[in-house]
Amino acid sequence: MTEFAVWAPRPDKVRLDVDGTLYPMDRSDDGWWRTTVETRTDARYGFVLDEDPMVLPDPRSPRQPDGVHERSQLWQPAADAWSDHKWQGRSIEGTVVYELHIGTFTPDGTFDSAIEKLDYLVDLGVDFVEVMPVNAFGGTHGWGYDGVGWYAVHEPYGGPDGLIRFVNACHRRGLGVLIDAVFNHLGPSGNYLPRFGPYLSSSGSNPWGESINIFGADADEVRRYIVDCALRWMRDFHVDGLRLDAVHALVDTTAIHILEELSTETDSLAEELGRPLSLIAESDLNDPRLITPRDRGGYGMTAQWDDDIHHAIHTAVSGERQGYYADFGSLETLAQTLKHGYFHAGTYSSFRHRRHGRPLDTTSIPATRLLAYTLTHDQVGNRAIGDRPSQNLTFGQLAVKAALALGSPYTGMLFMGEEWGSSSPFQFFCSHPEPDLAMATAEGRKREFAEHGWDADEIPDPQDPAAFERSKLKWDEIDDGEHGRLQQIYRQLIALRHNEPDLADPWLDHLRVDYDEDARWIVMYRGSLAITCNLGAGAVDVPVTGELVLAWGEPKANAVAARLEGHSFAILRTA
């Protein structure tokens, strides 16, 4: 016998459909409907609300084999599905994370084809794979941030069984697995939750749709829905943590913020499982409370993406200044950001036209709770044409960016293909099956960028399958000259992080940064190591001497200085 249950306080009647047969359900005072039915272990099922004959998928569906508009399917992993029993787990702090999108990481775009590239990632030296959302969403391909089946795994990737194989394979190789989870909005295709209950807020919205109801009437069950989903990924699929998308959009006026609640329950699950679990917040608030321990008034998240570090590095190297890059670009800004974690820390933001952020207490919060990167899916895909920095910068400039990010005290992260300067764009793509929604998405994107000065005809149509195909990595580039040389530099930089004790120091108070704005050089001192970078196009003398550890270019040293070629770096051991 199988018990079926669904929280549906809105309809007056709920019936269970199992393989085409309807069964009545009983409602309790808390809005949950339940019944017990004898059925197959892989039965297709759904719910019929009131007199509408449409069969709706389960809000907590374990599997959507035919897409998000169709019946759910009962699913449990096979008894012998898991083979990662020796995996002890690890925290993400101080590691190197590799962000990838399953659909474009390989030509086939599945979990199984991604497994074939895991040995490459191990050789590269990364510690964690962070997978962009794999929850069920409308269409066959997309970024995954339009999820509506939060508990299910996207079938074209391989479904839940494919995810198990992927996690097993990662853990067998010593790679941790992080899942990107989106709890701040629901996608437009296949979102039936409002028909069941008040999942959406009546008092607000965010750039992606209506806000989730986490503080209004009947919010307790919605909060439980979020927390249980997060715990499911870590408990049932053995993943080692979550990257939480745009948590600044999780507006919560209750005394215990949803992030604090999730952090508390994640720590409890980690204790139960006997392995570390990590929560990484994406936020544009520059609010240290996210990564401040709960016993000191914070939310207790493990770490946070740090866009200020990205902006400071990218603008200093590339010269870009548009939009939210306007306050960045100087070496002074870069040095300040590297030293303090945030650039905007209670300071005026010209992009926002107000003060922004709050200072980070660098004496009590280690730098490893912030992630440093020169690229993420957002920083590429949200550009008008999805162009990567490698399409606009020299290989030397890409190497300098890598040295600054991976040589810093922060937890490191890179986006798939960044390590060899991939020439593939990463464009915004989707495959909404509804013609009206598809047209609205395409026209809305063109209109958005046209308002910022782009020719609308240059903006790729996200519904065009070519946008998806263009975004797939070209793995044969690794063997091509400068691409291969850059990939070797990444391998060596990551190896240095793992093997040099001075690079493991997480305290920003121990970091010293010198720079010359006019000469365009900057030096990070990490104990006995000096990460020395020339951001200018011409050669420059940097007043640092020591034994050469690693370089891009051919630095020449004398008794008082190191001469660096344009767009190059050298790591020197000064003592």
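Q: What domains is the chain divided into?
A: Domain 1 covers 2-56, domain 2 covers 102-189 + 227-501, and domain 3 covers 511-573. These bounds come from an automatic or database domain assignment.

Q: What separates the centres of domain 1 and domain 3?
A: 67 Å, taken over C-alpha atoms.

Q: Where do these numbers come from?
A: This is a predicted model: local features need pLDDT of at least 70, side-chain atom pairs count only at pLDDT 80 or more, and totals for chains, interfaces and linings use all residues. Residues are numbered from 1 along each chain as its sequence is written, and side-chain values use heavy atoms, without hydrogens and water.

Q: New topic. Which residues does UniProt list for "active site"?
A: The unreviewed UniProt entry lists Asp245 and Glu282. They spread over 38 residues of sequence but cluster in space, with a largest C-alpha distance of 5.3 Å. Such annotations may be inferred rather than shown by experiment.

Q: Is Asp245 buried or exposed?
A: Buried, because its relative accessibility is 8%. Buried means under 20% relative accessible area, exposed over 50%, partly exposed in between (1.4 Å probe, protein chains only).

Q: And Glu282, buried or exposed?
A: Glu282 is buried too, at 11% relative accessible area.

Q: What is Glu282 in contact with?
A: Beyond its neighbours within four places in sequence, its contacts include Asp245, Trp305 and Asp378. Contact means heavy atoms within 4.5 Å.
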